[in-house]
Amino acid sequence: MSPETTSETAASTERPVLEARGLVKRYGHVTALDGADFELLPGEILAVIGDNGAGKSSLIKALSGALIPDSGQLLLDGAPVKFHGPADARRAGIETVYQDLAVAPALDIASNLFLGREPRRKGVLGSLFRMLDRDRMQADAARHMADLKIGIRSMKQTVETLSGGQRQGVAVARSAAFARHVVIMDEPTAALGVKETGMVLDLIRRVRDNGLPVVVISHDMPAVFEIADRVHIQRLGRRVAVVRPGDVDMAEAVAIMTGAAPGDRAAA
């Protein structure tokens with residue numbers, strides 16, 4: 001059975017959680033997405049790799065609502081969707097952890113987890129005086145951090161006192177707390193040391209094990225091959241292959257990514 005046939009059989013029995021078909025995005029004479037396809041399956045970690053200019057950032061922005069494609073289709077749980085901005089994607093249950101983390105260093109962990117979504121106190125104190133329910137924020141933050149086994153004792157600790165890996169943990173916990181469908185992570189191990197990279201990879205696995213499929217965009221090939229169930233390879237604005245780390249090695253994946261080896265491979 002050919003790889004393409006096997007892929008078609010798998011796709012017929014497992015509907016993608018998030019899917020893109022034929023996405024096109026042009027900026028004048030520059031084509032960022034040239035008929036790009038994408039499928040994220042339930043319960044998987046999917047890595048997206050590609051050389052500079054491959055269109056992977058544009059693809060992820062389209063999936064997270066930060067970019068509106070010129071043509072093509074997005075589907076969530078098999079139903080067509082159209083995002084007019086990141087807020088639409090968040091309302092649909094898609095959360096994104098960007099490379100800059102978008103944390104507020106001077107605020108505590110609980111405040112960062114609920115940034116922009118702070119619960120109000122019940123009754124007139126919340127409705128009229130707009131007072132925050134800080135006890136609930138502290139308790140819920142502690143629960144979310146414990147679910148992901150992030151070892152920080154106090155939710156009152158300011159984020160600026162945390163290590164790089166711990167800050168990444170806060171950003172991931174915030175996304176996992178509010179995501180209902182998908183968590184997207186942009187370069188989650190960038191600028192981290194070996195120990196903290198391992199901590200973040202474990203964190204990504206726990207998000208997946210808690211029921212949320214994860215998309216990871218990364219240049220860190222060892223991390224990709226350690227964490228990913230499948231690898232989406234992007235080149236010249238479109239997907240050229242989907243491979244499994246157990247079926248190809250890093251050198252083969254880089255060769256497909258750069259065009260030194262043929263694409264058009266589908267993971268079984």
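Biologist: Is Asp209 buried or exposed?

Modeller: This is a predicted model, and Asp209 sits in helix α8. Exposed means over 50% relative accessible area. Asp209 has 54%, so the residue counts as exposed.

Biologist: How far apart in space are Asp209 and Ile45, C-alpha to C-alpha?

Modeller: In sequence, 164 residues separate Asp209 from Ile45. In space, from C-alpha to C-alpha, the distance is 9.9 Å.

Biologist: Which element gives the largest share of the lining of the largest cavity?

Modeller: The structure holds one cavity of 30 Å³ or more. Its lining includes Pro188, Leu201, Ile204, Ala223 and Ile227. Helices α8 (194-209) and α9 (221-227) each supply at least two lining residues. The largest share is three residues, and it comes from α9.

Biologist: How much space lies in the largest cavity?

Modeller: Rolling a probe the size of a water molecule over the atoms shows where empty space is left. Val216, Ser218 and Val224 are among the residues that line the largest cavity. The space in it is about 40 Å³.

Biologist: What is the volume of the second largest pocket?

Modeller: Three elements, α3 (86-91), β6 (94-97) and α7 (164-178), each supply at least two residues of the lining of this pocket. The volume of the second largest pocket is about 290 Å³.

Biologist: Which residues of the lining are the closest to the centre of the second largest pocket?

Modeller: The second largest pocket has a volume of about 290 Å³. Its lining has 18 residues. The closest to the centre are Arg90, Glu95, Thr96, Arg117 and Arg174.

Biologist: Which element gives the most to the lining of the second largest pocket?

Modeller: Helices α3 and α7 and strand β6 each supply at least two lining residues. Four residues come from the element that gives the most, which is β6.

Biologist: How far apart are the closest N and O atoms of Arg117 and Glu95?

Modeller: Side chains of opposite charge can pair when their charged atoms come close. A salt bridge needs the nitrogen within 4 Å of the carboxyl oxygen. Arg117 and Glu95 form such a bridge, with their closest N and O atoms apart by 2.6 Å.

Biologist: Where do Arg117 and Glu95 lie?

Modeller: Their salt bridge has its closest N and O atoms 2.6 Å apart. The pair links distant parts of the chain, 22 residues apart. Arg117 is in the loop between α4 (109-113) and α5, and Glu95 is in strand β6.

Biologist: What separates Arg91 and Asp88 in helix α3?

Modeller: Arg91 forms a salt bridge with Asp88, and the closest N and O atoms are 2.5 Å apart. Arg91 is exposed at 57%, while Asp88 is partly exposed at 21%. Because they are three residues apart in helix α3, the separation is about one helical turn.

Biologist: How many salt bridges does a search of the whole structure find?

Modeller: One of them joins Arg21 to Glu19, with the closest N and O atoms 3.1 Å apart. Arg21 is partly exposed at 42%, whereas Glu19 is buried at 11%. For the whole structure, the search finds twelve.

Biologist: Which residue in the turn between β1 and β2 has a positive phi?

Modeller: Strands β1 (residues 18-27) and β2 (residues 30-40) pair in the antiparallel sense over eight bridges. Tyr27 stands opposite Val30 in β2. The two strands form a hairpin with two residues between them. The phi is about 65 degrees, and the residue is Gly28.

Biologist: Which residue stands opposite Gln234 in β10?

Modeller: Strand β9 (residues 230-235) and strand β10 (residues 238-243) run antiparallel, joined by five bridges. Two residues lie between the strands of this hairpin, where Leu236 takes a positive phi near 55 degrees. Opposite Gln234 stands Arg239.

Biologist: How much accessible area do Val124, Leu125, Leu128, Phe129 and Met131 have together?

Modeller: Val124 lies in helix α5 (residues 124-127). Val124 counts as partly exposed, at 47% relative accessibility. The five residues form a nonpolar patch on the surface. Together their accessible area is about 460 Å².

Conventions:
Residues numbered from 1 in each chain as written. Predicted model: local features only at pLDDT ≥ 70, side-chain atom pairs only at ≥ 80, totals over all residues. Heavy atoms only, no water. Patch = residues over 30% accessible without salt bridge, like charges linked within 9 Å, V, L, I, M, F, W, Y side chains within 5 Å. Areas by Shrake-Rupley, 256 points an atom, 1.4 Å probe, with all protein chains shown as cover. Salt bridge = Lys/Arg side-chain N within 4 Å of Asp/Glu carboxyl O. Buried < 20%, exposed > 50% of the residue type's maximum accessible area, 1.4 Å probe, protein only. Pairing = 2+ DSSP bridges. 1 Å grid on protein atoms, 1.4 Å probe; cavity = no way out; pocket = protein on both sides within 12 Å on 5 of 7 lines; lining within 4 Å. Points joined across faces, edges and corners; volume = space filled by probe spheres on them.
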